Amino acid sequence: MSATMRPVRLLMMFLLATLAFSAMAVDRDFPASALRGKLTITAYPIVTVNGNTLRLSPGSRIWNTQQLTQIPSSLGTDTYQVNYTLNIQGDIDRVWILTADEAGQKIEAQRNGMKR
């Protein structure tokens with residue numbers, strides 16, 4: 001490999017890595033029915049949201065701040081700022097654990113992909 005090709009290849013690798021990391025920072029869109037709350041898993045599938053006792057529905061999904069699905073038992077008993085939706089039975093069926101930036105936004109600005 002020539003001496004001039006090595007810096008070019010390093011530059012190309014750096015640029016590709018930069019593009020890959022920027023693609024990972026995705027704004028999340030929340031449905032119009034999304035609600036906001038502080039969620040704690042007390043005794044799976046029982047949770048508390050803003051002091052109210054609710055259930056996670058069978059097949060419920062939880063997404064962490066990196067938009068990866070999370071197993072409820074891996075969350076422990078910590079409290080998380082979340083957006084969530086309820087199914088027809090009143091059980092929680094979808095949960096998004098919020099980043100600090102997302103938690104700082106009003107939920108009305110997050111619904112249906114609208115950003116402030």
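The model is predicted, and local features need pLDDT of at least 70, side-chain atom pairs count only at pLDDT 80 or more, and totals for chains, interfaces and linings use all residues.

The chain has three helices and five strands, where helices (H or I, at least four residues) and strands (E, at least two) are DSSP runs numbered from the N terminus. Along the sequence these elements follow the pattern α-β-β-β-β-β-α-α. The five strands form a closed barrel in the order β1-β2-β3-β5-β4, with mixed pairing, and two strands are said to pair if DSSP finds at least two bridges between them. Strand β4, residues 79–86, pairs with β5 in the antiparallel sense over five bridges, and Thr 85 has Arg 94 in β5 as its bridge partner.

Leu 98 lies in the loop between β5 and α2, and the elements on either side of this loop are listed here.

| Element | Residues |
|---|---|
| β5 | 92–97 |
| α2 | 100–104 |

Leu 98 counts as buried because its relative accessibility is 9%, where buried means under 20% relative accessible area, exposed over 50%, and partly exposed in between (1.4 Å probe, protein chains only). Leaving aside neighbours within four places in sequence, Leu 98 is in contact (heavy atoms within 4.5 Å) with residues including Phe 30, Val 82 and Ala 103. The C-alpha atoms of Leu 98 and Val 82 are separated by 5.3 Å, although these residues are 16 residues apart along the chain.

Methods:
Residues numbered from 1 in each chain as written. Heavy atoms only, no water.
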